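Me: I have not looked at this structure before, and I would like to learn how to read it step by step. Could you take me through it slowly?

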Amino acid sequence: MAMRRQTAVLTALLSPVTLFLGVFFLLPLLIIAVFSFLTPGLYGGVEWAFYPWNYGRIFGWADGIMEIYEPIYLQIMARSLGFAAMTVVLCLLLCYPVAFWVSRLPARWRLLFLFLITLPFFSSLIVRLYAWLLILKPSGLLNTVLLGIGVISEPLEILYTPAAVVLGMVYVMVPFMFLPLFSSIDNLDRALVEASMDLGATRFQTFIKVILPQTLPGILGGAVIVFIPSVGNFIVPDVLGGAKGLMIGNLVEQQFLSARNWPFGSALSMIVMAVVLTVLLTSITFAKRKGGQNA
Amino acid sequence: MRNPIGWAALTAFSLGFFLFIYAPLLVIIGYSFNSNPVNMMIWEHFTLDWYRGLLGLAERVSDNNNRAAYIESTDQMFKALRISLTVAGCTTAISTVIGTATAIALSRYKFAAKGFYNGFLMLPMMMPDIVLGIGLLIFFVTIGMQLSLLTIIIGHCTFLTSYVFIIVQARIAGLDPALEEASADLGASEWLTLRKVLLPQLAPGILGGALLAFVISMDDLVITYFVAGTDSTTLPVFIFGMVRRGVKPEINAIATMMIVASVIIAALGLWLRSRKTD
C-alpha cells in the first residue's frame, strides 16, 4: 500500500471534515446533552440553571411541584421500541425469502429485480407514505375494494392505528433490510448446503444449522440499519398513526415546535440517542466476537 | 431449490413482495388522472386538470375560491422546488469535496487517529435524523444564526459527507496503489500525484457519491423540517405540510411527477454505472 507519513497534505485533507463535523455535528449533540439539564423558561426559552426534573418527568424522580412524573413517557418509549422491533422482524420475514429467490435467478432477471428494490431509495419518502394514506383511509382504496367484493360490510379502521404505523415503517424500511441480507445470501457457500442435504439433513435442519449461521451477518446488519431509523421516526406516525400510534419522535417534535419546552425535548432525545448508541455498540461487539470465532 | 412446488411458492411470494412495493405508487399515479375532486377513490373519468392546475396552465383568475387557493399553492410549490434544487446543489458540492478529501486521507495515509475517524464518520449516518435536527436547531438558535437556506445546507452536509466518504473510500479500495507509487518515484509531488493520478481514477466513485448526496438532499424531510426558516420551505417539507392538511387531488399529481423524476434519476444512475464498466 502507498502509505505515507503524516504531512501537510494530510492535514489539508483532514481539516475540513474535522472542523465541519466538530462544529456542526459534535457540538449540537453536546448542546442537546447540556440543554437536557437546563431549566425550561416561561415563554419557550431556557434559563441557564441546573434542573434534574426533565429526566424526572420521564423516570420518576420529579419533585411533584415543578414537574410531575408521568408514566406515559416510558410507555411511549416502550411502544417505540416495540414498533421498531416489529418493523425489523416483519422486514426480515418479507426480505429473507425474496432475497433467496433473487439470488437464484438468471443474471439478467437478477439485475432487474435488484434495480427494482433500489428504485424506492430514489423516490420521496413522503410520497410513499402518502400512498398508504390513500389506501388505508376509511373511504380509501382498501375499504372500497373490500366492501365492493363483499369481504367486509363495515369499513375497516386501519388508518391512525399502531398497525398502520408498523405497516408504513415496514414499507419505507424494506429496501434497507433487503440489500445487506441479499449480499450475505448471495455469498452463501452452496457446496455446504448440498453437503448437508447429501449427508441426510432435512431442509429445516440444513436451514437452521447451515444457512442461518452463514447469513447471520446480513441479518444483523439489516436489523441494525432498520431498527435505528425506526425507533426515532416521527414522520410515519405523524402521517399514519393517531394518538395510539404516537412514538418518541413525535414527543420530541412536539416539545420543540409546539410545546416549546426545549430542555424536556432534549432529555427525550437523549434517551433516543442512548438507545441508538446501545444498539450500535452491542452489534459491533457481537460482530467482532463472531468475526473472531470464524478467523 | 430443486423442488418445483417450493420454487413456485417462493416465486409467488416474491412477486407479491414486489407488488407490495410498487402497487401504492401505481395507485397514486392512477388517481392523479381521476377527475373526481370530492372522492378520488371513485373513478369519474380521465383528466389532466390536476397537472394543468399545478403547472399554472389553468386560468389564474377564477370565480371559484378553491381554484384560487390551488393556484397560490402552485407558486409556493415552484418556489419550494427552486429552494430544494439550490440546497441539493450546494450540499452536493460541499459534501462531495469534504467527503472525497476525507476518503483519500483515510485510505492513503497512516496516522494515529485513523481508527477513530473511521468509526466517527459512521455516526452522522447512524444518528437518528430527529436528534441531529433538533441538535442543529438548538445550536443555530443559541449562537444566534438565522434559520435560512444556509442552515439547511449545513444540516444536510453533516450527514451526506459521510455517505460520499463511504462510496469514495470503497472506490479507492479497488484501486492499484502502484500507479501512485510510480508517480511519486518519478518525482511528482504529493499534490501532483493526487490531482493527476488519484483523482482521475476516482472520478466514477466521486460522481456516484455526488449523485447519492443530491438525491438524499432533495428528499430529506426531517432535518430540513427543523432547521428551515419560515421562508425556506423545501419540496418535501411543502408536500408534508399539504399531506398533513389532508388528501387532495393536487398531491397525486405532484407525487406522480416526483415518482417519474425519481425513476429518471435512478435510470440515469444505472446507465452511468453501466457505461463505467465498458
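Me: How many residues of chain B are in contact with chain A, and how many residues of chain A do they touch?

Reply: Please keep in mind that this is a predicted model. In general, the size of an interface is often given as the accessible area lost when the parts come together. Here we can look at contacts instead, and 65 residues of chain B are in contact with 69 residues of chain A. On the side of chain B that touches chain A, the largest share comes from helix 1 (residues 4–31) of chain B, which supplies twelve residues. Sorted by class, the residues on that side of chain B are 50 nonpolar, nine polar and six charged.

Me: How do helix 7 and helix 9 of chain B pack, and at what angle?

Reply: Two packed helices are described by the angle between their axes and the distance between the axes. In this case helix 7 (residues 149–173) of chain B and helix 9 (residues 190–219) of chain B pack at about 155°, and their axes are 8 Å apart. Because of that angle, helix 7 of chain B is roughly antiparallel to helix 9 of chain B, and the crossing of these two helices is right-handed. The residues making the contact include B:L160, B:V164 and B:I167 from helix 7 of chain B, and B:G205, B:G209 and B:L212 from helix 9 of chain B. By class, this contact has twelve nonpolar, five polar and one charged residues.

Me: Is helix 11 of chain A mostly covered or mostly uncovered?

Reply: Helix 11 (residues 248–257) of chain A is mostly covered, since eight of its ten residues are buried. Among those buried residues are A:I248, A:N250, A:E253 and A:F256.

Definitions and conventions: Residues numbered from 1 in each chain as written. Chains lettered and ligands numbered in written order. Predicted model: local features only at pLDDT ≥ 70, side-chain atom pairs only at ≥ 80, totals over all residues. Axes fitted to C-alpha atoms, helices over the stretch in contact; angles between N-to-C directions. Helix = DSSP H or I, 4+ residues; strand = E, 2+ residues; numbered from the N terminus. Parallel < 35°, antiparallel > 145°, perpendicular 65-115°, else oblique. Left-handed = near helix turned anticlockwise from the far one by under 90°. Contact = placed C-beta atoms within 7 Å. Nonpolar A, V, L, I, M, F, W, Y, C, P; charged D, E, K, R; others polar. Buried ≥ 20, exposed ≤ 12 C-beta atoms within 10 Å, placed from the backbone.
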